[in-house]
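Me: I would like to learn how to read the features of a protein model. Could we go through one step by step?
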Amino acid sequence: MAHPNNDIVPQLDGLAYGGDYNPEQWPREVWDEDVRLMREAGVNLVSVNIFGWAGVNPGPGEWDFTRLDAVMDLLANAGIKADLATATASPPPWFSERFPETLPVNAEGVRLNSGARAEYCPHAPAFQEAATEMASRLAQRYAGHPALAMWHIGNEYYRSCFCDLAADAFRAWLRDRHGSLAGLNDAWGTTFWSQTYSAWSQVLPPRICAETPNPGLVLDWQRFCSDALLDLFRAEADAIAAHSADKPITTNLMVTGDFSGLDYHRWGEYVTGPNRLVATDHYLIPEHDSEVEWPAQVAFGADASRGLAGGSPWLLMEQAANSSAWRRGYFAKRPGDQLRHSLSYVARGSEGAMFFQWRASRYGAERYHSAMLPHGGADSRVFREVKRLGAQLKRLAEVKSSTVVSRAAVLLDFASSWAAKTPGQPSADMATYRELRRWHAALWRRGVTTDLVNPAWDLSAYEFVFAPHLYLLDSDANLRAYAEGGGTLVIGPYSGVVDRNDRVHPGLPGAIRDLTGVRVEEFVPLPEGAVALLDDGTEGRTWTEAAHALDAEVLASFTGFPSTGALFRRRVGAGEVWYLATRPVDLNPLLDRLGLTADVPEGLELVRRRHEDGRTYLFAINHTAAPQRFDSSGHDLLTGRPWTPATALAPGEAAVIRE
Ligand SMILES: [Zn+2]
């Protein structure tokens with residue numbers, strides 16, 4: 001993907017700083033204190049009206065912009081910009097009562113009740129029309145408002161619905177994709193279990209059924225749900241652009257979690273480019289990591305976001321100032337985490353640091369979710385850190401619009417990760433997200449900046465490309481072109497196995513057999529806790545394959561069953577392709593063998609942003625317990641002091657060196 005747009009928030013002079021602002025939860029007198037404290041903290045952008053439907057449209061045909069006008073005017077007078085949301089993320093109870101068909105139906109066929117949020121069916125015309133009307137009215141009213149910096153559509157899109165309207169829309173989508181019922185029967189392999197459809201009316205969403213559903217159906221359903229939400233986003237974006245052509249439009253995508261929701265790479269062209277920007281929400285998940293590894297989890301979310309933006313700058317729209325109370329267990333971020341994490345996001349291409357939310361809510365489901373201004377008030381550790389972060393980001397204004405150059409890439413294909421989760425897999429433990437996290441973290445520990453990109457994109461800029469788990473692959477053409485051009489491609493086990501319809505390629509490992517020069521005879525998954533020994537002294541776990549070299553060098557073999565090759569290398573054009581027939585317990589010996597040596601001590605995060613005119617900024621964050629020195633000279637923008645290779649960066653501290 002090209003880099004069409006590096007100045008993604010043109011209405012701000014520097015980096016964005018702020019969070020979701022929900023003044024509708026507070027009496028008017030609190031707003032003045034809000035604005036005073038925002039200015040004290042250096043806030044220059046807030047997201048407003050995300051859950052504002054009930055306020056601006058309190059009943060059928062009733063419109064009341066009094067409060068939103070007052071909020072926008074208040075912000076404009078304070079010199080704070082607004083990321084103005086279309087409020088369509090959560091229809092109010094009156095809407096659900098009037099249009100009961102807009103309440104979503106779950107996989108069991110039960111229509112959900114109102115009482116939470118995101119209670120809509122993406123396929124219900126009444127919701128679609130109401131959402132477009134809302135976007136259009138807001139755009140007409142606020143297009144010229146001095147506070148307006150950008151438009152924000154929906155919120156963390158994820159909703160799916162299994163109702164009859166969804167079934168109709170799914171059939172139309174399938175007709176487009178497969179051409180005919182015969183094409184659909186062929187793609188899904190419906191001769192198995194006598195599932196052959198003789199009329200479109202028999203094709204249903206994957207509602208709860210008697211046994212394991214057809215995996216082709218499950219996979220197409222996920223693609224369809226992603227496309228349906230993209231259609232909602234596009235309809236609102238078009239409605240806004242008709243009245244407000246000069247302001248960027250965005251939505252907050254989610255890089256938290258295991259990529260189970262939407263195919264953001266298919267969203268790419270609609271959220272990148274002129275007057276669009278990629279914005280993401282990233283919440284740390286304690287279950288995924290020990291606390292020590294949080295910096296690696298931050299880096300993963302940031303590198304995934306940069307991947308969605310095609311390498312352009314992007315914006316961290318939401319993070320937690322402290323705990324995320326919706327997670328099991330309430331965990332407090334340690335002193336300095338807020339600054340270190342935020343600088344890591346900025347180092348990796350974010351044009352600022354935003355939070356959910358500005359002031360902690362007294363009530364509602366997220367009353368214990370942390371906020372920039374906590375229940376403890378302004379005289380608190382969290383708010384002092386918020387003020388410090390605001391002051392530091394202000395000093396980084398000149399970094400805006402610069403980009404990150406990465407040496408390595410890890411391949412992420414959303415449909416492949418979904419397919420790997422379809423029922424009936426030989427191992428329930430071959431999880432794409434976990435494998436991507438593991439490889440990314442191993443590279444992070446070596447100080448290697450890594451992009452998370454789609455396997456179909458241009459990979460030629462990368463020295464190393466890792467495909468830890470690319471289960472679904474139709475063709476090896478793009479990977480082959482990358483290797484032939486001189487790149488080093490490393491492919492993990494259980495890759496290239498199925499085509500786009502989740503049908504097993506004949507002759508394993510299917511799509512990559514010729515490219516790797518390896519034949520897989522059978523899969524030999526391992527029980528939990530078991531390890532396979534290799535003759536080079538390393539170990540594999542979870543998964544092994546009986547794999548034979550057809551046209552590849554065998555670098556290591558299993559010592560037990562299977563007694564075949566475990567690590568292979570094949571020269572391809574000017575480059576090489578490595579293939580692993582197991583999951584290494586430790587990735588370091590392989591990275592050493594690849595020559596990907598660490599140039600920094602583990603825990604010293606060094607990432608460079610670069611302007612097109614050649615100016616560079618080295619972000620240095622010391623996650624270790626010892627002072628660190630590194631090779632850079634210039635001025636530290638955070639302190640204004642000169643920097644040389646002899647300067648020590650204290651434990652827990654950060655520097656941004658203009659080189
Ligand atoms: Zn529905």
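Me: What distance separates the centres of domain 1 and domain 3, taken over C-alpha atoms?

Reply: Keep in mind that this is a predicted model. The centres of domain 1 and domain 3, taken over C-alpha atoms, are separated by 44 Å. The domain assignment gives domain 1 as residues 44-246, domain 2 as 408-593 and domain 3 as 604-658.

Me: Where does UniProt place the feature "domain: Beta-galactosidase trimerisation"?

Reply: An unreviewed UniProt entry puts that feature at residues 407-584. In the model, 18% of this span is helix and 34% is strand, and its end C-alpha atoms lie 22 Å apart.

Me: Next, the metal. Which residues are the protein donors of the zinc ion?

Reply: Begin with the general idea. Ideal angles at a metal are 109.5 degrees for four tetrahedral donors, and 90 or 180 degrees for six octahedral ones. In this structure, the protein donors of the zinc ion are the SG atoms of Cys121, Cys161 and Cys163, which lie 2.1 to 2.2 Å from the ion. The spacing of these donor residues in sequence is C-x39-C-x1-C.

Me: Is Cys161 buried or exposed?

Reply: Under 20% relative accessible area a residue is called buried. Cys161 has a relative accessible area of 1%, so it is buried. Cys163, at 5% relative accessibility, counts as buried too.

Me: Now the pockets. What is the volume of the largest pocket?

Reply: The general idea comes from a probe. Rolling a probe the size of a water molecule over the atoms shows where empty space is left. Here the largest pocket has a volume of about 690 Å³. Its lining holds 25 residues, and those nearest the centre are Gln25, Phe51, Ser90, Ala116 and Arg117. Helix 2 (residues 53-56) gives the most to this lining, with 3 residues. By class, the lining of the largest pocket has 10 nonpolar, 10 polar and 5 charged residues.

Me: Why does the second largest pocket lie between domain 1 and domain 2?

Reply: Domain 1 (44-246) and domain 2 (408-593) both give residues to its lining, so the second largest pocket lies between them. The volume of this pocket is about 560 Å³. Of its 24 lining residues, Asp413, Ala415, Asn454, Ala456 and Leu472 lie nearest the centre. Helix 8 (215-241), helix 9 (264-271), helix 13 (414-419) and helix 15 (477-484) are the elements that give two or more residues to the lining of this pocket. By class, that lining has 11 nonpolar, 5 polar and 8 charged residues.

Me: Which residues does the UniProt annotation "active site" cover?

Reply: In the unreviewed UniProt entry, the annotation covers Glu156 and Glu318. They are spread over 163 residues of sequence but cluster in space, with a largest C-alpha distance of 10.3 Å. Glu156 is in the loop between strand 4 (148-152) and helix 6 (164-178). At 12% relative accessibility, Glu156 counts as buried.

Me: How many cavities of 30 Å³ or more does the structure hold?

Reply: There are 7 cavities of 30 Å³ or more. The largest cavity contains about 60 Å³ of space. Among the residues that line the largest cavity are Arg348, Trp444 and Leu604. Strand 22 (residues 604-610) gives the most to that lining, with 4 residues. Domain 2 (408-593) and domain 3 (604-658) each supply at least three residues to the lining of the largest cavity.

Conventions:
Residues numbered from 1 in each chain as written. Predicted model: local features only at pLDDT ≥ 70, side-chain atom pairs only at ≥ 80, totals over all residues. Heavy atoms only, no water. UniProt positions renumbered as here; feature names shortened; annotations may be inferred. Donors = N, O, S within 2.8 Å, 3.2 Å for Na, K, Ca; no water. Buried < 20%, exposed > 50% of the residue type's maximum accessible area, 1.4 Å probe, protein only. 1 Å grid on protein atoms, 1.4 Å probe; cavity = no way out; pocket = protein on both sides within 12 Å on 5 of 7 lines; lining within 4 Å. Points joined across faces, edges and corners; volume = space filled by probe spheres on them. Nonpolar A, V, L, I, M, F, W, Y, C, P; charged D, E, K, R; others polar. Domains from an automatic or database assignment.
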